[in-house]
Amino acid sequence: MRQFKKNPFVLHFFSWYIAHLLRKDFAGYHFNKLEINADEAVLLLANHFSWWDGFLMFQLNRLLFKKQFHVLITHQDYSRHWYLKYLGAFAAENNKKDVIETLIYAGKLLDDPNNLVLLFPQGRSYTSHVTGINFEKGIMQVINSSKKKFQIVFSVSLSDYYGKRKPTMNTYLRSWEAEEYMSLQLLKSEYNKHYDYAVKDQNKTEV
């Protein structure tokens with residue numbers, strides 16, 4: 001497994017740089033506020049349609065969750081973008097044993113209330129025009145490897161130009177109280193209810 005290296009100076013620089021890029025390339029970034037339990041870790045489940053997604057969630061964590069940021073990414077992205085390891089990224093090598101060990105590692109991170117773990121249930125990026133979000137099976141390995149004492153937050157990010165030169169990004173958040181006997185199908189169903197709500201709300205926004 002490949003995981004991030006702690007370097008406060010590099011982390012501080014990229015925190016500033018990501019905020020700078022968002023101000024420079026977007027007309028605005030908006031999200032709704034949630035009550036965050038300081039005594040529980042956060043499992044953040046987000047849609048994945050752009051290069052920006054991880055950076056948006058990194059910024060969201062700085063502004064709202066204020067936890068230690070961790071994100072599971074692909075082996076290819078980890079190798080291609082060297083700086084991601086300084087932002088809390090970790091990835092599995094391309095073999096089944098290491099994939100399982102990495103998913104277990106992600107689950108153990110959720111046992112520390114100071115942590116936030118970002119997962120993209122789709123596994124890779126898809127177009128923003130999908131009508132629903134698919135869930136890979138690995139997410140249940142993460143959940144079942146933890147003590148299941150964490151807060152689940154659904155995140156849906158959508159962008160529109162609204163007649164401007166630069167797009168505006170909106171992130172819709174919902175805290176979901178997990179049932180005792182959670183399944184992949186239930187988790188997928190509840191997330192997609194939120195996804196549908198976000199798309200409809202986005203379409204109501206006036207230009």
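Predicted model: local features only at pLDDT ≥ 70, side-chain atom pairs only at ≥ 80, totals over all residues.
Let me start with arginine 23, which has its place in helix α1, residues 8–25, where helices are DSSP runs of H or I with at least four residues, strands are runs of E with at least two, and both are numbered from the N terminus. Residues are numbered from 1 along each chain as its sequence is written, and side-chain values use heavy atoms, with hydrogens and water left out.

Arginine 23 counts as exposed because its relative accessibility is 56%, and exposed means over 50% relative accessible area, buried under 20%, and partly exposed in between, with a 1.4 Å probe and protein chains only. Together with Lys33, Arg62 and Lys66, Arg23 forms a patch of positive charge on the surface. Patches take residues with over 30% relative accessible area and no salt bridge, joining like charges within 9 Å and nonpolar side chains (Val, Leu, Ile, Met, Phe, Trp, Tyr) within 5 Å; a salt bridge is a side-chain nitrogen of Lys or Arg within 4 Å of a carboxyl oxygen of Asp or Glu.

Helix α1 also holds tyrosine 17, which is partly exposed because its relative accessible area is 33%. With Phe13 and Trp16, Tyr17 makes a nonpolar surface patch of about 310 Å², the areas coming from the Shrake-Rupley method.

Now to the inside. Which residues have the most contacts inside the largest nonpolar core? They are Leu44, Met57, Phe65, Leu87 and Leu118, in a core of 36 residues, where a nonpolar core means buried Ala, Val, Leu, Ile, Met, Phe, Trp, Tyr and Cys residues joined through side-chain atoms within 4.5 Å. At least two residues of this core come from each of α1, β2 (41–46), α2 (53–65), β3 (68–72), β5 (115–119) and β7, and α2 gives the most, with seven. Helix α2 is mostly covered, since 10 of its 13 residues are buried, among them Phe55, Leu60 and Phe65.

Finally, some backbone angles. Just after α2, lysine 66 takes a positive phi of about 55 degrees. Lysine 148, in the loop between α5 (138–144) and β6 (150–160), has a positive phi of about 60 degrees although it is not a glycine. Tyrosine 162, also not a glycine, has a positive phi of about 50 degrees, and this residue is buried, with a relative accessible area of 18%.

Methods
Areas by Shrake-Rupley, 256 points an atom, 1.4 Å probe, with all protein chains shown as cover. Lys, Arg positive; Asp, Glu negative; His and termini not counted. Charge placed at Lys NZ, Arg CZ, Asp CG, Glu CD.
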